Amino acid sequence: TERSPEPGDCPICGMDLIPSESGADDMTPGQFRMTKNAMALADVRTTRVGTFTAGEHSLKLSGTIQENEKAVGTQAAYFEGRIEELFVNFEGEEVRSGQKLASLYAPELVSAQQELITASGLKATQPELYRAVRNKLKLWKLSEKQISEIEASGRVQEYFPIYATVSGTVSEIRVQAGDYVEKGMPLFKIANLGSVWAVFDAYENQVSLLREGQPLRITAKSYPNTPFEAEISFINPVLNASTRTVEVQAVLQNPEGKLKPGMFVTGDLAIIAKGQNEALVIPESAVLWTGERSVVYVKTDPNSPVFEMREIRVGDAVNEAYTVVSGLDSGEEIVTRGTFTLDAAAQLKGKKSMMHDGPGSVPTGHEASSYSSRANPAKAESILKAGTFSEAFTVE
């Protein structure tokens, strides 16, 4: 800014020199003033810093319903063979423990049945051989009833049934009729959906707000008016490096089967300020980041558009807002819109800004002058339309 004790034109840019506003001498070196016209053009908006009481504010997390892996059973093949027929044809089908799932042709099992029939005739003379053959079939998950039926009939059963060992919903079918399977190969995945997991992703700056056992209210898009109560059961200790999130789980009882894997859900949990009864909260739009520093612009005079940059320390992120650790007091007025514009104006004047961390410009002898060069409203509007909006601001 060029200053002069007399009216006239600026020797640098040719703009008209107009009277400096009264009260400029009351500002500190780091403060600057904007005209009402510049404020309107930049759409600068402010808000007062408020507090919330612990438990009064909530954090929202987004996630999905997933199978409770602790209640998922895998039906495996206990011997090699060929799948002859499937009796479960689609995923999502309900099955009961003991229900026939498939039939299998297993040459190894055919040989073992023949050994049993032969050994049953020798059980009086070779009881150890007889017991060894029966135990072999038991290890292949044949029941005592099945073994006795084979022994009593004296006939080899070529196609052997595979029965479900658990009850639940078939969530995955891994074989088809005609497939050859190896011993131990998984055939079906059966999930008990009487309880499910709600799995959320929390950003790393939200992790400090979470703890196991914390109450959580969950809402599914399918049932917007029916909240489900749960508690955080697990917080993954490993951060996902690609998404910068941590997985958070909660167990939900689902006796009626309303919650289905894949559903989108939202979790709300009350925030408890760390070691304090209340905390300051500011919108995230108010904060400018420069390296490790976080700064805001404070309106220092409630009756005049005078601003200064303030470096603050922020804490946890809470629903498009930040808690404030230090640097602001409750009731102070900060800029929540147009912060980059104000920073540009501060830089033009050489005030403390994102790019300049000094105490502000050093006053010179010219600052006692009563006239300064500033853009008038008509020129400001044309400059804004041309895209060079920074010249439209009046700074003192």
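Buried residues make up 42% of the 396 residues in the protein chain, where buried means under 20% relative accessible area, exposed means over 50% and partly exposed is in between, using a 1.4 Å probe on protein chains only. This is a predicted model, in which local features need pLDDT of at least 70, side-chain atom pairs count only at pLDDT 80 or more, and totals for chains, interfaces and linings use all residues. Residues are numbered from 1 along each chain as its sequence is written, and side-chain values use heavy atoms, with hydrogens and water left out.

**The overall picture**

- The secondary structure of the protein chain comes to six helices and 27 strands; these are DSSP runs numbered from the N terminus, with helices being H or I of at least four residues and strands being E of at least two.
- Of the contacts in the protein chain with a separation of 6 or more, 71% are between residues 24 or more positions apart; a contact here means heavy atoms within 4.5 Å.

**A four-stranded open sheet**

- Four strands line up as β12-β11-β9-β14 in an open sheet with antiparallel pairing, and two strands count as paired if DSSP finds at least two bridges between them.
- The edges are β12 (159-163) and β14 (180-181), each of which pairs on one side only.

**Strand β16 and its partners**

- β16 is mostly covered, with seven of its nine residues buried.
- One partner is β7 (residues 58-67), which pairs with β16 in the antiparallel sense over five bridges; here Thr64 stands opposite Val199 in β16.
- β16 is also joined to β19 (residues 245-253) by nine bridges, and these two strands run antiparallel.
- If you want a spot to look at in that pair, Ala202 has Val246 in β19 as its bridge partner.

- Gln214 sits in the loop between β16 (195-203) and β17 (215-220).
- Why does Gln214 count as buried? Its relative accessibility is 2%.
- A polar atom of the Gln214 side chain lies 3.1 Å from the backbone nitrogen of Arg211.
- Leaving aside residues up to four places away in sequence, Gln214 touches Leu209, Ala230, Glu231, Ile232, Leu269 and Ala270.

- Two packed helices are described by the angle between their axes and the distance between the axes.
- Axes are lines fitted to C-alpha atoms, for helices over the stretch in contact, and angles run from 0 to 180 degrees between N-to-C directions.
- α2 (residues 107-120) and α3 (residues 127-139) pack at about 150 degrees, with their axes 9 Å apart.
- That makes α2 roughly antiparallel to α3; angles under 35 degrees count as roughly parallel, over 145 as roughly antiparallel, 65 to 115 as roughly perpendicular and the rest as oblique.
- On the α2 side, Leu109, Ala112, Glu115, Leu116, Ala119 and Ser120 meet Tyr130, Val133, Arg134, Lys136 and Leu137 in α3.
- Next, α3 and α4 (residues 144-153) pack at an angle of about 130 degrees, with their axes 10 Å apart, and are therefore oblique to each other.
- Tyr130, Arg134, Leu137 and Lys138 in α3 meet Glu144, Ile147, Ser148 and Glu151 in α4.

Definitions and conventions:
Polar contact = N/O pair within 3.5 Å; in protein donor to acceptor, adjacent residues only side chain to side chain.
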